[in-house]
Amino acid sequence: MHPLISYFAAQDSPGIYLGFGAFQIQLGNLIVILVMILLFVLALFLPFPSGKKRP
Amino acid sequence: MSIREERKTEPVEEYYTWTGKARGWLLKHLPADKLLPQDQPSYVASWIYVFGMGAIVSLVFIVVSGVVLSLNGPAWYHVSDFGHFVNSVHLWSVELFFMTMVVHLWGKYWMAAWRGGRTLTWITGMGAFLVSIVAAFTGYLLQTNFDSQWIAFEGKDALNASGIGAWFNVANLGQIFGFHIVLLPLAVGAVVALHVILVRMHGVVPPIDAAETDAQLSGTDRTEATR
């Protein structure tokens with residue numbers, strides 16, 4: 001196994017938590033939420049490829 | 001002559017048994033050209049419409065990898081390289097399933113996709129989301145490691161407090177295994193299938209600002225509208 005992978009696999013910890021006052025969130029959950037928001041915004045603005053020509 | 005016009009000219013068949021009536025109801029509400037349409041309306045040509053299908057594809061990956069995991073068991077997927085890989089495919093398919101489902105939900109929320117008699121489509125979508133959360137929860141309980149033990153003993157008090165702990169015991173690995181690989185997949189599959197059938201029956205919801213006179217909505221010029 002790659003040393004970096006085994007390093008992260010061995011991290012038997014609850015993860016990294018970010019706190020903003022009373023609000024607290026795990027970094028992994030925050031990343032997932034940000035990725036979903038990014039996908040939503042990209043889906044609205046990226047041009048959709050045109051399909052094959054129909055008869 | 002279009003398919004719609006052909007159907008109008010067909011003689012009306014009288015149904016007098018429950019099987020005949022069921023066939024009549026299905027043919028009326030879900031004709032073949034609605035079940036497997038040749039084209040989609042022009043407004044479907046946007047990335048925001050791909051996330052529902054993304055969730056379905058993720059679900060297929062979840063089911064296939066889950067079948068492989070259950071056939072080989074934890075003694076295989078905890079120790080072998082290929083077992084680790086299939087286990088990871090199962091986890092990441094779930095991550096993709098929820099991410100695509102949530103973006104699909106956001107998109108449909110801002111489209112007010114329950115319009116035009118699509119209430120049950122919206123409700124079954126929410127049902128699929130809620131049942132999937134329970135399925136994912138039981139999956140975390142099946143990791144057979146300290147993480148799953150921790151989640152089970154955190155969760156049992158909430159479930160006992162709600163009164164369902166007697167028949168949904170998160171500390172009972174065998175029971176949760178049955179829920180996770182039989183009952184909940186069947187429930188998710190059934191609700192998702194019903195959701196997709198309802199989408200096919202009612203069609204993809206048109207944009208809010210689409211005029212009722214749009215050719216693509218009235219179906220008077222389907223070929224032109226779907227180009």
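**Figure 1. The annotated transmembrane region of chain A.** For chain A, UniProt (unreviewed entry) lists residues 27-48 under "transmembrane region". In the predicted model, this stretch of chain A is 86% helix and 0% strand, and 32 Å separate its end C-alpha atoms.

**Figure 2. The largest nonpolar core.** This core has 37 residues, and those with the most contacts inside it are Tyr49(B), Phe97(B) and Val170(B). At least two residues of the core are supplied by each of α2 (27-45) of chain A and α4 (51-72), α6 (81-111), α7 (119-141), α8 (146-161) and α9 (173-202) of chain B, while α6(B) gives the most, with seven residues. Both domain 1 (47-111) and domain 2 (120-206) of chain B are represented, each with at least three residues.

**Figure 3. Surroundings of Val170(B).** Val170(B), one of the residues with the most contacts inside the largest nonpolar core, touches Phe137(B), Leu141(B), Ala152(B), Gly155(B), Lys156(B), Leu159(B) and Ile176(B), when residues up to four places away in sequence are not counted.

**Figure 4. The contact between chain B and chain A.** Chain B brings 17 residues to this contact and chain A brings 14 residues. The area buried between the two chains is about 1400 Å², of which carbon and sulfur atoms give 78%. Within the area that chain B buries against chain A, Trp47(B), Met99(B) and Trp106(B) supply 43%, more than any other three residues. The count of salt bridges between chain B and chain A is zero.

**Figure 5. The salt bridge within chain B.** Over all chains, a search of the whole structure finds one salt bridge. In this pair, the side chains of Asp157(B) and Lys156(B) meet at 2.9 Å, taken from N to O. Side chains of opposite charge can pair when their charged atoms come close. Asp157(B) counts as partly exposed because its relative accessibility is 44%, and Lys156(B), which also touches Val170(B), is partly exposed with a relative accessible area of 24%.

Terms used:
Residues are numbered from 1 along each chain as its sequence is written. Chains are lettered from A and ligands numbered from 1 in the order in which they are written. This is a predicted model: local features need pLDDT of at least 70, side-chain atom pairs count only at pLDDT 80 or more; totals for chains, interfaces and linings use all residues. Side-chain values use heavy atoms; hydrogens and water are left out. UniProt positions are given in the numbering used here, feature names are shortened, and annotations may be inferred rather than shown by experiment. Helices (H or I, at least four residues) and strands (E, at least two) are DSSP runs, numbered from the N terminus. A nonpolar core is a set of buried Ala, Val, Leu, Ile, Met, Phe, Trp, Tyr and Cys residues joined through side-chain atoms within 4.5 Å. Buried means under 20% relative accessible area, exposed over 50%, partly exposed in between (1.4 Å probe, protein chains only). Domain bounds come from an automatic or database domain assignment. Contact means heavy atoms within 4.5 Å. Buried area is the accessible area (1.4 Å probe) that two parts lose on being put together, summed over both. A salt bridge is a side-chain nitrogen of Lys or Arg within 4 Å of a carboxyl oxygen of Asp or Glu.
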